[in-house]
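Let's take a walk through a protein together. Have the structure open beside you, and follow along from one spot to the next.

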Amino acid sequence: MTSSPAARHKVVVIGSGFGGLFGTKALRRADVDVTVIAKTTHHLFQPLLYQVATGILSEGEIAPPTREILSSQDNARVILGEVTGIDLTAKTVTSRVLGRDTVTSYDSLLVAAGASQSYFGNDHFAEFAPGMKSIDDALELRGRIFGAFEMAELGATRGDDVDHHLTFVVVGAGPTGVEMAGQIAELAHRTLRKDFRAINTRTARVVLVDAAPQVLPPFGAKLGEKAKGELEKLGVEVMLGGMVTEVDERGLEVKFKDGRVERINSVAKIWAAGVQANPLGKTLSEQTGAPLDRAGRIAVNPDLTLPGHPEVFVVGDMIALDNLPGVAQVAIQGAKYAAKEIKNRVEGKQPQEPFKYFDKGSMAIISRFDAVAMVGKLRLTGLVAWLMWLGVHLVYLTGFKNQVSALMRWAITFASNNRSERTTTEQQIFARAALARLRGGAADLVSDPGIYDATRAMLEETRRQELEAAALREAELTDSGVRGVPETAS
């Protein structure tokens, strides 16, 4: 009698970002079966989201399909779904998509669910000032930014006051905020300057707001001052020491330390201030007793595992360890470390030394041919820093096809000021808000019989009214003796 072969070690990876993707790829040659569970079908290169929002790159160039990336990795499969629960005792992960749950068991778990935008307890701000964490965010902001210019043109044609349409506010003076403010300024002052007739886009006001006393706080005072000066040369108003206390459809309020409150009327607002870890951190904390910090990040052991659960690794923006920054390299290096540890265990090898992060530096682009970079003790500005930023982002952009495409788009944009990704639709701007008004979100549109029946009844009633109206017009034309008259342009 022959015994059945032992089941392979099962690894579940939560998230398809830098941590999830690099962790999965690092297990390519391991004797394990990997299941990636992610709420999107793509891997997002988040540092370039602002270029999607401002029309430089397409979403496909920074968000290739996860299945395509892993298509040649035979030991990996992908499941679509948002993880709603983790049972550390039963070793299962529950994910949900459109109201349907899937339970996946694991032997080892790699949690790389990332972080979302933080509104510091004012989540209602999100409706009027989208963040910059997803493709949905970038496309909505693209619609809002380019749409603001269109509405300004329309209003100016009628003689209306359009200042609120031509005022753009970016909240948060970190790398994302600086890059976004610089690109909007370039868009208004260079790219669009000849495209409109009733408005002068070069008069657009771009405001960068932050409660901190300097731009790019992690980069130090010298680089922060350099970035601030370059932004002001572009025409950006840098408003420091001001905290946003209210946001609505028509603008926002900024409160300064001296008690003064200033209102800025603006339709297009971008939130780039603060992040909070995925809520799964709280789920893990409740089951392990591991503490959470103010941003919802969970404390992990030096080997990136959870206390009492050596089979569970947490990496990237979700961890609180040695004050590590929430940058892509932390997620990448942590995921590779966790993958190697899992492989060592399966092969019966000794564990690694505690995780040690190697800081490869920080960079932020201000405008074309101008950036700041901090690499070890080296501080770079201007063209050299910009070329370094270009090279680093090109290397880490997933897929040769996307690298070539992005390089060509950059060449066109930087050489001619032209941006080919300027298409916007009403759906980009309003679809997410409409879905949010449904009790169960998108799931209501496919799983709630009541809503389905009501929608079908509404469509049938609309069709009936159209047929009645058509029949009435036909009868009127017959009575008047007019038949078969073609429509003409008036």
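This is a predicted model: local features need pLDDT of at least 70, side-chain atom pairs count only at pLDDT 80 or more; totals for chains, interfaces and linings use all residues.

**Inside the fold**

Together, Phe 149 and Phe 168 make an aromatic pair of the tilted kind, with 5.1 Å from centre to centre and 35° between the planes. Phe 149 belongs to helix α5 and Phe 168 to strand β9 (residues 167-171), so this pair ties together parts that lie 19 residues apart in sequence.

Now turn to another pair, Trp 386 and Phe 414. Their ring centres are 5.0 Å apart and their planes meet at 75°, so this pair is edge-to-face. Because Trp 386 sits in helix α10 (residues 382-396) and Phe 414 in helix α11 (residues 400-416), the pair ties together parts 28 residues apart in sequence. Trp 386 is buried, with a relative accessible area of 5%, and Phe 414 also counts as buried, at 7%. The structure holds 10 aromatic pairs, and ring pairs also link Tyr 119, Phe 125 and Trp 271 into a cluster.

Next, let's look at the wider surroundings. In soluble globular proteins, nonpolar side chains tend to be buried together. Here the largest nonpolar core has 72 residues, and those with the most contacts inside it include Phe 149 and Trp 410. Helix α5 (residues 135-157) gives this core its largest share, nine residues. A second, separate core has 48 residues, among them Leu 27 and Leu 88.

Finally, find Arg 260: its charged end sits over the ring of Phe 256, 4.0 Å from the ring's centre.

Definitions and conventions. Residues are numbered from 1 along each chain as its sequence is written. Side-chain values use heavy atoms; hydrogens and water are left out. A nonpolar core is a set of buried Ala, Val, Leu, Ile, Met, Phe, Trp, Tyr and Cys residues joined through side-chain atoms within 4.5 Å. Buried means under 20% relative accessible area, exposed over 50%, partly exposed in between (1.4 Å probe, protein chains only). Helices (H or I, at least four residues) and strands (E, at least two) are DSSP runs, numbered from the N terminus. Rings of Phe, Tyr and Trp (its six-membered ring) pair if their centres lie within 6.5 Å; planes under 30 degrees apart count as stacked, over 60 as edge-to-face and the rest as tilted. A charge sits over a ring if NZ of Lys or CZ of Arg is within 6 Å of the ring centre and within 35 degrees of the ring normal.
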